[in-house]
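Here are some notes for a colleague who is opening this entry for the first time. Please read them with the sequence and the structure side by side.

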Amino acid sequence: MLSTPSPPPGRTPGRPGPSPGPSIGPTLVPAVGAALAVLAAWSLLAWSGAVAPGLLPTPAETAAALVDGARSGLLASDLAASLSRAGQGFALGALVGGALGFATGYLPRLSAAVTPVVSFLRPIPAIALVPLATAWFGIGEGAKRLLIAYAVLLAVWLYVHDGVSRVPASHLRAARSLGAPLHRRFTEVLLPAAAPAVLAALRYGASVALLALVAAELGGADSGLAYRLQVDGQFLRVDRMFAGLLVLGLLGVAVDLVLAGIGRRFVHWGAS
């Protein structure tokens, strides 16, 4: 008579074991292939003469400009200034936007009052407010951080509000009928259900922070990645401009990967 094999240690019969973590290989190979294809197309276009010489650097020339910036220390100082502005603006905008999103998503009357105001503000880009922010707050760091926070707040609010408002009301009513106080309904029902939307809000808000950073640094900055792009553009240093754009793009990818990794660790039921 055949005997039933015993489950492996740490496994309960009839219950699946923990799912393996995400594999890097299946996503890394297509990404590397796409990057190589872009580099090849870029090189062919630069060498073909289709674009006037000096207006489209080759990847090698861009890499050389990037190395020069790193050796001179300009890249490190500009990157530090931009990260400080974007990070502080993102933190402020995400905090206020997330709190407001939870409030409007949970309270219909508050949503009816706030949503029209936010819907009016959302189409106004941060770059359109640069002259006004400069007039009100000067050309100091405060104006730049507030511009970034403004853009992030609107983006984060939209995602969080939508995620919280989609939490089934029956779940909250069931928790209330079981005697759960408000703080437990928030931490054990509302927050876990809306966590995937919060993660998406943070990832989108981070990209918006970098977009707003460019607008903010065009308003009287003396350092930063976007400021350096403007200076290099005035002298037609296209190789340095491409290097700056490359750094901005890689920075955005790095921030998104970090937030996605945090999501897989703490919001594994909704992270991608």
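1. Helices, in these notes, are DSSP runs of at least four residues and strands are runs of at least two, both numbered from the N terminus. On that basis the protein chain, which is a predicted model, has 10 helices and 0 strands, so that its elements, taken from the N terminus on, read α-α-α-α-α-α-α-α-α-α.

2. As for the chain overall, 33% of its 272 residues count as buried, while the accessible surface comes to about 16,300 Å², with 70% of that area belonging to carbon and sulfur atoms. Among contacts between residues at least 6 apart in sequence, 73% join residues that are at least 24 apart.

3. Helix 10 covers residues 238-266, and its 29 residues reach 42 Å from the first C-alpha to the last, which is close to the 42 Å expected at 1.5 Å a residue. Its buried residues include Val238, Ala243, Val247, Leu251, Leu259 and Gly263, and the buried residues of helix 10 pack against helix 2 (59-72), helix 3 (74-106), helix 8 (182-217) and helix 9 (225-234).

4. On the surface, Leu92, Leu95, Val96, Leu132, Trp136, Phe137 and Leu146 form a nonpolar patch with about 710 Å² of accessible area together. Helix 3 and helix 5 (130-137) each supply at least two residues of this patch.

Methods. Residues are numbered from 1 along each chain as its sequence is written. This is a predicted model: local features need pLDDT of at least 70, side-chain atom pairs count only at pLDDT 80 or more; totals for chains, interfaces and linings use all residues. Side-chain values use heavy atoms; hydrogens and water are left out. The expected span of a helix is 1.5 Å times one less than its number of residues. Buried means under 20% relative accessible area, exposed over 50%, partly exposed in between (1.4 Å probe, protein chains only). Contact means heavy atoms within 4.5 Å. Patches are made of residues with over 30% relative accessible area and no salt bridge: like charges are joined within 9 Å, nonpolar side chains (Val, Leu, Ile, Met, Phe, Trp, Tyr) within 5 Å. Accessible areas come from the Shrake-Rupley method with a 1.4 Å probe; for residues, only the protein chains shown count as cover. A salt bridge is a side-chain nitrogen of Lys or Arg within 4 Å of a carboxyl oxygen of Asp or Glu.
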